[in-house]
Amino acid sequence: MSRYKIKFMPMDVTVEADASAPEPAHDGRPGSILAIAAAHGLNIEHACGGVCACSTCHVIVREGMDSLHAAEDKEEDALDNAPGLTLDSRLACQAVADGSVDLVVEVPSWNRNEVSEEH
Ligand code: FES
């Protein structure tokens, strides 16, 4: 399966993505959670512009973590500075799914005021 869905919480917005045709990214990696959110008008904070130098794009992957490529050292280092770090935390600008399963991604509460739907 290369087509998959990402459900963003708590906005309860589900979008479709295609791992075989990664979403082009203005900020972050092509096909990243951040890129897919942005393409659908969902703004996740990304203060450093998606270059893995902050942790404002911190999200918690509630379902589908195994379909994301493993975090590299620089992502782990940036995440160490993220408030509310969990075992299921990833940086949205770096995490790219392989499309094998659907994802449920939670935007942490301290970022929620920064999230807007721009449909
Ligand atoms: S936007 Fe800065 S680390 Fe993701």
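# Reading a predicted sheet and its core

Colleague: How many bridges join β1 to strand β2 (residues 13–18), and are the two parallel or antiparallel?

Modeller: The strands β1 and β2 are joined by 6 bridges and run antiparallel; two strands are taken to pair if DSSP finds at least two bridges between them. Strands (E, at least two residues) and helices (H or I, at least four) are themselves DSSP runs, numbered from the N terminus. One of the partner pairs is Y4 with A17 in β2.

Colleague: Before going further, what kind of model is this, and how are its residues numbered?

Modeller: This is a predicted model, in which local features need pLDDT of at least 70 and side-chain atom pairs count only at pLDDT 80 or more, while totals for chains, interfaces and linings use all residues. Residues are numbered from 1 along each chain as its sequence is written.

Colleague: Which elements does the protein chain have, and in what order do they run from the N terminus?

Modeller: The protein chain has 3 helices and 5 strands, and from the N terminus on they run β-β-α-β-α-β-β-α. Its radius of gyration is 13 Å, close to the 14 Å that the globule rule gives for 119 residues, so the chain is as compact as a globular protein of that length; the radius is taken over C-alpha atoms, and the rule is 2.2 Å times the number of residues to the power 0.38.

Colleague: What is the order of the strands in the open sheet?

Modeller: The order is β2-β1-β5-β3-β4, with mixed pairing. Because β2 and β4 (89–91) stand at the edges with a single partner strand each, one side of each is left without a neighbour in the sheet. From one strand to the next the twist averages 35°, with axes fitted as lines to C-alpha atoms and angles running from 0 to 180 degrees between N-to-C directions. Within this sheet β1 and β5 (residues 103–106) pair in the parallel sense over 4 bridges, with F8 partnered by V105 in β5. By contrast, β3 runs antiparallel to β5, joined by 3 bridges, and β3 also pairs in the antiparallel sense with β4 over 3 bridges, where V59 stands opposite R90.

Colleague: Which residues of β1 lie on its covered face, and which on its uncovered one?

Modeller: As a general idea, side chains in a regular strand alternate between the two faces of the sheet. In β1 (residues 3–9), Y4, I6 and F8 make up the covered face, whereas R3, K5, K7 and M9 make up the uncovered one.

Colleague: Which residues have the most contacts inside the largest nonpolar core?

Modeller: In soluble globular proteins, nonpolar side chains tend to be buried together. Here the largest such core has 26 residues, and those with the most contacts inside it are I33, L34, A37, I44, V59 and A92; a nonpolar core is a set of buried Ala, Val, Leu, Ile, Met, Phe, Trp, Tyr and Cys residues joined through C-beta atoms within 7 Å. The elements giving two or more residues to this core are β1, α1, β3 and β5, and α1 gives the most, with 6 residues. Setting aside neighbours within four places in sequence, I33 is in contact (C-beta atoms, placed from the backbone, within 7 Å) with I6, V59, A92, A95 and V105.

Colleague: Where is the cis peptide bond?

Modeller: The bond from M9 to P10 is cis, with omega near 0°, and P10 has its place in the loop between β1 and β2, where D12 also lies.

Notes:
A residue is buried if 20 or more other C-beta atoms lie within 10 Å of its own, exposed if 12 or fewer, and partly exposed in between; C-beta atoms are placed from the backbone. Two residues are in contact if their C-beta atoms, placed from the backbone, lie within 7 Å.
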